[in-house]
Amino acid sequence: FGDKDLDLRLANPLHLRSILEDDRFKNCRIVLLHASYPYSKEASYLASIYPQVYLDFGLAVPKLSVHGMVSAVKELLELAPLNKVMFSTDGYAFPETFYLGTKWAREVITSVLCDACDSGDLSIHEAFEAAHNILRGNAINLYNLDEGTTKSMMFKMVADFRALYPDAKEGKPKLIRLLWVDSSGQRRCRVVPENRFYQVVMDHGVGLTCACMGMTSGSDSPAEGSYLTAV
């Protein structure tokens, strides 16, 4: 949802039934994104009867109203197993989109699971376990993520940053965020260390107008004819 070129009548996930029933695709894991809004109930139904169907409520949270976000997640959980519903931010371009997705997902999940406890659907222990799995565990299992590898990569990135920028204060990295709109209207964002930014600008300068129009949304390389260099 959200794009006017989409015929929402054809977005009902029930149209996938013939594929889900096809033996050729029974081992293919299918993730229904954006809570399948406004067909959240239909998505929940499919996840409840087809073992290969999973649900992700990114974009519906935080795009909808508070009532809409809570309602969509509740509808997903009406039939779908708790281990098949996942969180994502659906963030892009701006760091704030990742923050808002995370912030509202936590608040919505808290609200939904508290209501489930009040109504007797879940015990407090089950609600805590569900929150952990929805926000983290289910995605790790579905995508076969290696937690140890992920953590070691994060530690290595921090160590590399400290080695490159020994003067950076703990918890207060100095970064410059660059935002622009490319020639296709796509919003772009890059974050670079402050000293790297000033080094490049002082040594080479930067043509803002040329840079804005020269970067394409399809790749991070300069557009042909823009005469931009890799610097």
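Mentor: Cys-117 is partly exposed, at a relative accessible area of 23%. Partly exposed sits between buried (under 20% relative accessible area) and exposed (over 50%), with a 1.4 Å probe and protein chains only. This is a predicted model: local features need pLDDT of at least 70, side-chain atom pairs count only at pLDDT 80 or more, and totals for chains, interfaces and linings use all residues. Residues are numbered from 1 along each chain as its sequence is written, and side-chain values use heavy atoms, leaving out hydrogens and water.

Trainee: New topic. Where is Ser-44 found?
Mentor: In helix H2, residues 40-49. Helices are DSSP runs (H or I, at least four residues), numbered from the N terminus.

Trainee: Is Ser-44 buried or exposed?
Mentor: Buried, because its relative accessibility is 1%.

Trainee: What does its side chain reach?
Mentor: The side chain of Ser-44 reaches the backbone nitrogen of Leu-79 at 3.0 Å. A polar atom of that side chain also lies 2.9 Å from the backbone nitrogen of Ala-80.

Trainee: Which residues are buried in H5?
Mentor: Among them are Gly-101, Val-108 and Leu-113.

Technical notes. Helix = DSSP H or I, 4+ residues; strand = E, 2+ residues; numbered from the N terminus. Polar contact = N/O pair within 3.5 Å; in protein donor to acceptor, adjacent residues only side chain to side chain.
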